[in-house]
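User: I would like to learn how to read strands, sheets, helices and domains from a set of coordinates. Please give the general idea each time and then the case at hand.

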Amino acid sequence: MITVTGLTKQYGGRTVVDDVSFTLEPGTVTGFLGPNGAGKTTTMRMVAGLVPATSGSALVDGRPYAALPNPGAVMGTLLDAGAVHPGRTGRTHLRLIADALGVPAARVDAVLELVDLTSAARRRIGGYSLGMRQRLGIAAALLADPPVLMFDEPANGLDPEGIRWMRSLLRDHAGRGGTVLLSSHLLGEVEHTVDRLLVIGGGRIVADGPVASLLGTDGVSVRAADPAALARALTGAGFAVAPGTDGELVVSGASPADVGAVAAAGGHALTDLRPLQRGLEDVFFTLTAA
Amino acid sequence: MTAAVIPSSRPVVPRRSGASLSAQVGLEVRKSLSTRSGVALVGAAALLAPAAMSVAVASSAEPLSSPTGPVVVTGMLSVLVLLALGVLSTAGEWTHGSVQTTYLLEPRRTRVLAAKAVAVAAVGAGVAAVAAGLATGVLALFGPSVPFDGVGRAVLVVGIAGAAFALVGAGIGAALGNTPGALTGVYLLNLGVLPLLQLFTPALADAIDPGNAVLSLAQGSEQAQSITVLTVWVAVALVAGAAMTRRRAVQ
């Protein structure tokens with residue numbers, strides 16, 4: 001569980017993270033979205049104790065990260081897949097981390113197999129592709145099987161199979177009661193992976209809620225045998241009706257049941273009736289437009 | 001890629017507490033020796049003193065009164081290489097970004113620097129002593145016949161110098177957090193600033209030059225002052241390194 005309260009970071013007179021608060025519960029995958037420079041990575045680095053906060057607090061499992069007895073065993077973190085010594089082999093890199101965490105060496109082989117890097121384990125990391133480094137970073141985060149995972153842009157460099165694998169990994173982790181915080185710029189990927197969205201813009205949280213509620217519905221699209229007559233009936237019932245781009249009628253602020261009731265009362269034959277749902281991309285740009 | 005299920009037949013049980021300081025020192029030694037640059041530096045340091053002694057023995061026809069001077073002087077060449085080992089152990093992590101992993105596993109930065117300091121001091125002392133021992137061997141085998149009284153002390157002092165110089169490198173590396181900058185700084189200081197100072201204010205240069213302190217220590221003169229000079233160099237570098245490391249954000 002991660003609890004962030006009033007977290008603020010200022011560099012000189014510039015505020016890059018401004019009074020950010022949220023609580024992440026076990027059993028959930030939370031997507032952390034925001035445009036470049038919005039403060040996602042700085043927030044995550046403050047949670048991990050890598051960047052000191054100007055004010056506010058971030059607790060992992062009830063304590064500041066730096067106060068955890070064996071922090072890597074509580075939160076598996078992937079912030080920058082390139083932050084590794086290129087001269088070490090993948091296996092040596094993981095062996096050093098495993099020894100620091102106090103997990104058996106056999107676990108290194110297990111996570112290497114999990115991320116499909118067994119065959120590259122004896123190669124120097126400098127020769128790895130971005131996707132391989134990303135998988136090595138995920139392997140390192142999973143070494144101690146920690147209850148909390150915090151990944152910054154983990155899908156970078158992964159191929160479609162890898163992205164699907166990672167989605168399954170994170171969902172499975174939450175399914176076993178784990179807590180996951182995931183930042184990504186791949187909006188479609190986030191939409192299909194997370195339960196909850198945190199949207200940050202200009203250093204402030206601009207939206208926080210379940211995916212379904214944030215995407216929500218934004219009216220109804222309806223087609224009728226006599227669209228003009230239906231439009232008059234809907235307008236008469238107090239609904240705002242506008243023509244769609246493909247001959248349909250767009251009824252703002254109405255539910256399918258509302259439109260169905262008006263149509264039934266007036267004897268209008270409907271050929272199509274569906275709620276209009278906003279895509280994550282629309283929500284993202286609406287919320288983060290400064 | 002295999003199924004995204006973390007094997008649960010044998011649950012992973014990590015240590016409840018962080019690694020002990022001795023375990024961290026061991027990890028830092030392994031880190032230094034798990035890269036080609038680390039191994040190359042240790043190898044170069046171990047071989048430089050005997051190589052220099054070979055050249056000296058082959059090119060000098062003058063009789064020797066004592067082996068102490070040649071052993072310490074050639075040993076100091078190895079010790080200078082160990083400055084770089086210290087720099088790489090701290091600044092190298094900032095340059096590569098691997099310091100992020102280090103602090104995610106052990107957020108107590110002063111403790112990490114302490115472990116690194118003990119690790120490079122141990123490696124530095126060991127490698128410098130081996131280098132001085134090999135140089136002594138070369139002198140014994142191929143050099144003029146001299147009494148070897150005091151050579152044990154010379155090897156010991158070179159070992160101490162190896163530890164001290166590696167610590168100075170680690171401290172300056174931690175303070176600057178940048179490998180090229182730290183390497184340039186330490187070598188400019190030792191091979192540029194101090195020799196220049198020797199030209200203009202020789203008394204001051206003699207008083208603060210760590211190389212001079214090592215030579216004096218080996219010859220048994222000005223013991224307290226020599227130890228003080230080396231201690232001050234190490235302390236200033238490590239305190240600066242600790243202060244800068246504590247406050248620097250890991251970006």
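User: Which residues of β7(A) point one way, and which the other way?

Analyst: A residue is called buried if 20 or more other C-beta atoms lie within 10 Å of its own, exposed if 12 or fewer, and partly exposed in between, with C-beta atoms placed from the backbone. Thr179(A), Leu181(A) and Ser183(A) point one way from β7(A), whereas Val180(A) and Leu182(A) point the other way, and all are buried. The strand, residues 179-183 of chain A, is thus mostly covered, with 5 of its 5 residues buried. Helices (H or I, at least four residues) and strands (E, at least two) are DSSP runs numbered from the N terminus. This is a predicted model in which local features need pLDDT of at least 70 and side-chain atom pairs count only at pLDDT 80 or more, while totals for chains, interfaces and linings use all residues. Residues are numbered from 1 along each chain as its sequence is written, and chains are lettered from A and ligands numbered from 1 in the order in which they are written.

User: Which strands pair with β7(A), and in what sense?

Analyst: Strands of a sheet pair through backbone hydrogen bonds, either parallel or antiparallel. Two strands count as paired if DSSP finds at least two bridges between them. Strand β3 (residues 28-33) of chain A pairs with β7(A) in the parallel sense over 5 bridges, and Phe32(A) stands opposite Ser183(A). Strand β6 (residues 148-152) of chain A also pairs with β7(A) in the parallel sense over 5 bridges; there, Val148(A) has Thr179(A) as its bridge partner.

User: What kind of unit do β6(A), helix α5 and β7(A) make?

Analyst: A crossover is right-handed if, with the strands pointing away from the viewer, the path from the first strand over the helix to the second runs clockwise. With α5 spanning residues 160-175 of chain A, these elements make a right-handed β-α-β unit.

User: In what order do the strands of the open sheet of 6 strands lie?

Analyst: The order is β5-β6-β7-β3-β8-β9 (chain A), and the pairing is mixed. At the edges are β5 (75-78) and β9 of chain A, each pairing on one side only. Neighbouring strands of this sheet are turned by 15° against each other on average, direction ignored; axes are lines fitted to C-alpha atoms, for helices over the stretch in contact, and angles run from 0 to 180 degrees between N-to-C directions. Within the sheet, 4 bridges join β3(A) to β8(A), which run parallel, and Gly31(A) has Leu197(A) as its bridge partner in β8(A). Helix α10(A) packs on the sheet, touching β3, β8 and β9 of chain A, and its direction makes about 35° with that of β8(A).

User: Which residues of α10(A) are buried, and which are exposed?

Analyst: In α10 (residues 280-288) of chain A, Leu280(A), Val283(A) and Phe284(A) are buried. They lie on the same side of α10(A) because they cover an arc of only 100° around the axis, the arc being that of the directions from the helix axis to the C-beta atoms. On the other side of α10(A), Glu281(A), Phe285(A) and Thr286(A) are exposed. Two residues are in contact if their C-beta atoms, placed from the backbone, lie within 7 Å. The buried residues of α10(A) pack against β3, α6 (187-193), β8 (196-201) and α7 (211-215) of chain A.

User: What is the order of the open sheet of 3 strands?

Analyst: It is β2-β1-β4 (chain A), with antiparallel pairing. Since β2 (14-24) and β4 (55-60) of chain A each have a single partner strand, they stand at the edges, so one side of each is left without a neighbour in the sheet. Between β1 (residues 2-11) of chain A and β2(A), which run antiparallel, there are 7 bridges. One residue pair is Gln10(A) with its bridge partner Thr15(A) in β2(A). Helix α1 (residues 40-47) of chain A lies across β1, β2 and β4 of chain A, running at about 120° to β1(A).

User: How many residues does each domain of chain A give to the contact?

Analyst: Domain bounds come from an automatic or database domain assignment, which gives domain 1 (2-214) and domain 2 (216-288) for chain A. The contact takes 13 residues from domain 1 of chain A and 7 residues from domain 2 of chain A. On the domain 1 side, α6(A) gives the most, with 3 residues.
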